[in-house]
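Morning, everyone. Please bring up the model on your screens. I will go through charged residues and then a pocket.

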Amino acid sequence: MTWRLRRASPEDAPAVALVAAASFLTTFAGILDGADIVAHVAKNSSAERFAAWTNDPASVVTLAEHPDGAAPVGYTLLTTPDLPLTIGAGDIELRRIYTLPAAYGSGLGQAMMMRAVDDARAMGRTRLLLGVYGGNDRARRFYERQGFAIAGRRQYRVGATLCDDFIYARAL
């Protein structure tokens, strides 16, 4: 299947926010409290937040669309790092990379990662960072297959739950 990947514009912000909400819910239902998931998504994944990121020259939002009908099925967000590590001038954070279950196992995640790496290099960045929930073994295996290694840890609050995350890094 050939997925369409394109840089998102402010007009795409509602579609990206929709995928962000659906993918976060899919990933964390049964792990986090439902009310905490809803509040977290409303605060951190609103259309307004994505519109701001699409307008930020230090950020890149990429939207993945299904080849049949162009429905939004995934997205990535590259932006200024906000991680408890020593951050260098060449660092950028892959703050989000999510696909909907319809795309699992299709190669879309790999294609989105390759696009994020290419975009980071085009921005002159030399290291890609990301944080991931420590219990998300599927995502951790994916990142490790992409050449990422653990560079640190952090605790991240989602509502009442304090999550233990790993911070991964990959040289570009």
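**Charged residues and the main pocket**

Asp56 counts as partly exposed because its relative accessibility is 28%; buried means under 20% relative accessible area, exposed over 50%, and partly exposed in between, with a 1.4 Å probe and protein chains only. Asp56 sits in the loop between α3 (47-55) and β2 (60-65). Helices (H or I, at least four residues) and strands (E, at least two) are DSSP runs, numbered from the N terminus.

Some ground rules. This is a predicted model, where local features need pLDDT of at least 70, side-chain atom pairs count only at pLDDT 80 or more, and totals for chains, interfaces and linings use all residues. Residues are numbered from 1 along each chain as its sequence is written, and side-chain values use heavy atoms, with hydrogens and water left out.

Now the salt bridges. How many does the structure hold? Seven. A salt bridge here is a side-chain nitrogen of Lys or Arg within 4 Å of a carboxyl oxygen of Asp or Glu.

Take Arg6 and Glu65: their side chains meet at 3.0 Å, N to O. Arg6 is in strand β1 (residues 4-7) and Glu65 in strand β2, so the pair ties together parts 59 residues apart in sequence. Arg6 is partly exposed at 21%. Glu65 is buried at 5%.

Next, helix α4 (residues 108-122). Arg115 and Asp119 both lie there, four residues apart, about one turn of the helix. Their salt bridge is 3.5 Å, N to O. Arg115 is partly exposed at 25%, while Asp119 is buried at 18%. Back to shared partners: salt bridges join Arg4, Arg6, Asp12 and Glu65 into one network.

Arg96 is buried yet has no salt bridge. The nearest side chain of opposite charge is Glu93, 7.8 Å away; Lys and Arg count as positive, Asp and Glu as negative, and His and the chain ends are not counted. What lies 2.8 Å from a polar atom of the Arg96 side chain? The backbone oxygen of Asn44. Glu93 itself pairs with Arg95, the closest N and O atoms being 3.4 Å apart.

Last, the largest pocket. Its lining has 44 residues, and Ile97, Tyr98, Asn136, Ala139 and Tyr143 lie nearest its centre. A pocket is an open set of points on a 1 Å grid over the protein atoms alone, where a 1.4 Å probe fits, with protein on both sides within 12 Å along at least five of seven lines; lining residues have an atom within 4 Å of a point. The largest share of that lining, seven residues, comes from β4.

Methods
A polar contact is a pair of N or O atoms within 3.5 Å; within protein, one must be able to donate a hydrogen and the other to accept it, and residues adjacent in sequence count only if both atoms are side-chain atoms.
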